[in-house]
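Here are my notes for you, as numbered points. Keep the model open beside them as you read.

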There are 2 protein chains.
Amino acid sequence: MAATEARAKPTLADIARITGVSAPTVSKVVNGRHDVAPETRAKVLAVLEQTGYSSPVQRRSASPGPDMVEVVFDAFTSAYNTDVLTGILESAAVQGVEIVLSVTGGGQPGAGSPERRAQRLLDEGRAGLIVVTSAFSEPQLSAFRRRKIPVVVIDPLNPPPPDLVSVGATNWAGGKAAAEHLLDLGHRRIAYLGGPEDAECNQARLHGYLSALMSRGVPVEQDWIVHGQFRTEHGVEGLRELLKRKERPTAIFAASDSIAVGVLREARRQGVRVPDELSLVGFDGTAQAEDAVPALTSVSQPLQEMGRAALRAVLRQARGEELDSHRVELATQLVVRESTSAPPTP
Amino acid sequence: MAATEARAKPTLADIARITGVSAPTVSKVVNGRHDVAPETRAKVLAVLEQTGYSSPVQRRSASPGPDMVEVVFDAFTSAYNTDVLTGILESAAVQGVEIVLSVTGGGQPGAGSPERRAQRLLDEGRAGLIVVTSAFSEPQLSAFRRRKIPVVVIDPLNPPPPDLVSVGATNWAGGKAAAEHLLDLGHRRIAYLGGPEDAECNQARLHGYLSALMSRGVPVEQDWIVHGQFRTEHGVEGLRELLKRKERPTAIFAASDSIAVGVLREARRQGVRVPDELSLVGFDGTAQAEDAVPALTSVSQPLQEMGRAALRAVLRQARGEELDSHRVELATQLVVRESTSAPPTP
DNA sequence: CTGAAAGCGCTTACAG
DNA sequence: CTGAAAGCGCTTACAG
């Protein structure tokens, strides 16, 4: 009982008493001076660790205000990012958490080496980090891990280590649903206009599509699988590519709405009628899908909910609570609009 | 000479000596206790001010890291906001400034009274504030002013006090250009589907439109001027309204692309062909205008540049530099696409 | 209201 | 390397 009585934050003098050394010695250890015997240092450090002592300097940099979570985007301008961020902001307002935004532009977040960047986040009192559709390096992640800065990724662009906490949607099921919808309409020549080849979410969508084709006994044509970026330009160029194939597909499954919008744009330019001559399914279910002409059939992801889930997972970790799972996967849903119909009868 | 010799930061004891009171008394003033005579308090405050003393608490909250600027949106999800924010983030990355995001949802930023909200920003070391298409109250602004927190507004939704620093576009000229384009095509029955009636930018666009009509001797029809929010739904409802008028307009100038997209959506539903039966001009020049079908003729604003300019203006003020002007106005440009043509010949 | 005194948490300078 | 002593910047409790 007596041992757990005094729960006030420990002072330097407390540490000295517990360790059995003088206050000045503890002070030296805390401030990283070198004139301390290794064993003494070790003993003091152990007690420091165990009591959770923090020095005035540490207390100063430990954010006095509300929690701050940093959200890192690869590039910012997209309907997808806007939706995810909206969810994060909504949840942040409720939780009294502040959101700091940064954009990597394809590089690493922040300046300097991974260690320095991570230290910067720690110094500035970030409670954690949400990384959205970005690539990141293993050294970067381990720098965060070493400092116990919680990180949650949403649809990373490179394969994440298995122990990393991530939030996503049922991409495999979504890809399968998209392809099955096209198969149900009678299509047999279905192209896949994908995202970055390495990206987990792209792989899952691709394999959902492959699975649907295979289970219906429809042969897979490697020529009709094209990877690229989640961008409108990739849709434009992708359609151009596909129209050059000796056998043209009658339907395209695009791995994002932005890609699909590019396909629509190029189809209009080339006079290819959607859906009469070409059916098209997108992925994401952003406002882009609804506003497109013809309105896009698309696999809708709960992007705002994904943002909220990511923030929850970061805060849970920051508070030292257990996570139910290292991977949160929210349901996708196929929304049929005007861009899909039966294939033309030749 | 001797007077300016010791430039070390003043201690509480220094303040006490200079003011001629005891250290405890200064301590009380610094910590906002009430048991101090008003005159004593005033004397101490004067010296505090003049020496630039900062208490441990202040020193703790005076951000040790990079500058942070808070960006406040009314509501977040829109192509307009995405573009403005992209500009701000770009500039922030270059300047080494961090961006904290908050959304008011139509209310005031932060929690509590204006004074408490402003104090929160100060405590958390914000270098300044950018307020984007939000409404704000005079008490709120004066709370910022009193604490010398620089504020820059972009297209506020209520009339801003004249001394507030603001960034915008040449809305009047843009409105005039839009109306003149329609007049040049031969339209005489031109409706204005506006934004919030009070908003400065809406007023300027409206009066640019009015000016163009008047200078061509085209009578202004009050029935054809409808205000509302900068939202797609307003475009949908606005077109429904306008189609009920005994005399229908042959052209609509929508005060934002989002409104114009709503008009397009409703026109398609009602079978009104754009531009054959109805010409349409939008405002903003976001990706929405380009992706619409038909592609929208729109008055383009340099939204990213506006974001960059706003951040520059905040940082200038934060550094105590002089601003060239309290109002930065960037050029708009009419971009003609597919949604405008000559009126139908009856 | 004011301030002398005591005290807190920490650091520094230095004798051993 | 260690720690007793002095000291710094500040706050608290309380006598007047």
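1. Around DNA strand C, at least two residues of the nearby surface come from each of α1 (12-19) and α2 of chain A and α2 of chain B. Here helices are DSSP runs of H or I with at least four residues, strands are runs of E with at least two, and both are numbered from the N terminus. α2(A) makes the largest contribution, four residues. In total 18 residues surround DNA strand C, and A:Thr11, A:Leu12, A:Ser27, B:Ser22 and B:Ala37 are the closest. A residue is near a strand if its C-beta atom, placed from the backbone, lies within 6 Å of it.

2. A word on the source: this is a predicted model, in which local features need pLDDT of at least 70 and side-chain atom pairs count only at pLDDT 80 or more, while totals for chains, interfaces and linings use all residues. Residues are numbered from 1 along each chain as its sequence is written, and chains are lettered from A and ligands numbered from 1 in the order in which they are written.

3. Now for DNA strand D. Of the 18 residues around it, A:Ser22, A:Ala37, B:Thr11, B:Leu12 and B:Ser27 come nearest. Helix α2 (23-30) of chain A, with α1 (12-19) and α2 (23-30) of chain B, each give this surface at least two residues; α2(B) gives the most, four. By class the surface near DNA strand D has 10 nonpolar, seven polar and one charged residues. The surface near DNA strand C likewise has 10 nonpolar, seven polar and one charged. Nonpolar covers Ala, Val, Leu, Ile, Met, Phe, Trp, Tyr, Cys and Pro; charged covers Asp, Glu, Lys and Arg; the others, Gly among them, are polar.

4. How do the two chains meet? The contact takes 21 residues from chain B and 21 residues from chain A, where contact means C-beta atoms, placed from the backbone, within 7 Å. On the chain B side, α4, α5 (79-95) and β2 (98-103) each supply at least two residues, and that side divides into 11 nonpolar, five polar and five charged residues.

5. Strand β2 (residues 98-103) of chain A runs antiparallel to β2(B), joined by three bridges; A:Val100 has B:Val100 as its bridge partner. Two strands pair if DSSP finds at least two bridges between them. The open sheet has 12 strands with mixed pairing, in the order β11(A)-β5(A)-β4(A)-β3(A)-β1(A)-β2(A)-β2(B)-β1(B)-β3(B)-β4(B)-β5(B)-β11(B). Its edge strands are β11 (327-330) of chain A and β11 (327-330) of chain B, each pairing on one side only.

6. Look also at strand β5 (residues 165-169) of chain B, which pairs with β11(B) in the parallel sense over four bridges. There B:Ala169 stands opposite B:Leu330.

7. The largest nonpolar core has 88 residues, and A:Ile130, A:Ala310, B:Ile130 and B:Ala310 touch the most other members. Such a core is a set of buried Ala, Val, Leu, Ile, Met, Phe, Trp, Tyr and Cys residues joined through C-beta atoms within 7 Å. Not counting residues up to four places away in sequence, B:Ile130 touches residues including B:Val69, B:Ile88, B:Ala310 and B:Val314.

8. Is B:Pro66 buried, exposed or partly exposed? B:Pro66 counts as partly exposed because 14 C-beta neighbours lie inside 10 Å; buried needs 20 or more other C-beta atoms within 10 Å, exposed 12 or fewer, and partly exposed is in between, with C-beta atoms placed from the backbone. B:Pro66 is in the loop between α4 (56-61) and β1 (68-73) of chain B.

Note on methods: Contact = placed C-beta atoms within 7 Å.
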